[in-house]
Amino acid sequence: MKHLIVLVALVLSGIASAQQYILPPNANGGVLQPNQVRIDSREVEPYHPTTPFMLSLVDPIQVPMAHWDVTGLRIGLIFSNCNRMTGLDISVFGYAQEARALQIGVVNAVELLKGLQIGVVNYAATGEGVQIGLVNVIADKDFAFMPIINASF
């Protein structure tokens, strides 16, 4: 059992330390930092690295960090936070700027929802999707609050 704990700790620390080395080069040959902007002739958009898996105890104790996009599975033991979530999110309290996902948890919160939220409390500032829970809020609707089920299309 001790060997397993040591192995998990080494893997998580290796992933955390490797995050700084997988950022793409910018036009000057340097490396873009997570909050820097990539400028080309078509659009200006912040760069967010993507990962297929996120494991979180509480933000900032999560691998990878909150500025990453998750395309795959996110597991949050207490509180998880990421930029964009695409896939399956299982968290006690999960937050994302944008979720194109199935979110399952006690509290689910997103700025832009395109998917399904199942939880006790579900919140979306705007979006298209379905919420199932005791408290469901899609803030930009005429009737923002609906108990049991709420939808916006």
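Solution. The structure is a predicted model, in which local features need pLDDT of at least 70 and side-chain atom pairs count only at pLDDT 80 or more, whereas totals for chains, interfaces and linings use all residues. Residues are numbered from 1 along each chain as its sequence is written, and side-chain values use heavy atoms, with hydrogens and water left out. The next step is to take Phe-93, whose relative accessible area of 30% makes this residue partly exposed. Rings of Phe, Tyr and Trp (its six-membered ring) pair if their centres lie within 6.5 Å, with planes under 30 degrees apart called stacked, over 60 edge-to-face and the rest tilted; by this rule there is one aromatic pair. Phe-79 and Phe-93 form this pair, with 5.1 Å from centre to centre and 50° between the planes, and the arrangement is therefore tilted.

**Exercise: the partners of strand β3**

With which strands does β3 pair, and in which sense?

Solution. Begin with the elements: the chain has one helix and eight strands, where helices (H or I, at least four residues) and strands (E, at least two) are DSSP runs numbered from the N terminus. Strands pair if DSSP finds at least two bridges between them. Strand β3 (residues 50–58) pairs with strand β5 (residues 69–104) in the parallel sense over six bridges, and within this pairing Ser-56 stands opposite Gly-76. On the other hand, β3 and strand β4 (residues 61–63) run antiparallel and are joined by three bridges, with Leu-55 opposite Val-63. The link from β3 to β4 is a hairpin of two residues.

Solution. A salt bridge is a side-chain nitrogen of Lys or Arg within 4 Å of a carboxyl oxygen of Asp or Glu, and the whole structure holds five of them. One of these links Asp-69 to Arg-84, with the closest N and O atoms 3.3 Å apart; Asp-69 is buried at 7%, while Arg-84 is partly exposed at 29%. Another joins Arg-100 and Glu-98 at 2.8 Å, N to O. A further bridge has Lys-114 and Glu-128 as partners, at 3.7 Å. Lys-114 lies in strand β6 (residues 107–118) and Glu-128 in strand β7, so this pair ties together parts that are 14 residues apart in sequence. Finally, the network made by shared partners consists of Asp-69, Arg-84, Glu-98 and Arg-100.

Is Asn-150 buried or exposed, and which polar partners does its side chain reach?

Solution. Asn-150 belongs to strand β8 (residues 145–152) and is buried, with a relative accessible area of 2%. A polar contact is a pair of N or O atoms within 3.5 Å; within protein, one must be able to donate a hydrogen and the other to accept it, and residues adjacent in sequence count only if both atoms are side-chain atoms. The side chain of Asn-150 makes such a contact with the side chain of Lys-141 at 2.6 Å, and also reaches the backbone oxygen of Ala-144 at 3.2 Å.

Conventions
Buried < 20%, exposed > 50% of the residue type's maximum accessible area, 1.4 Å probe, protein only.
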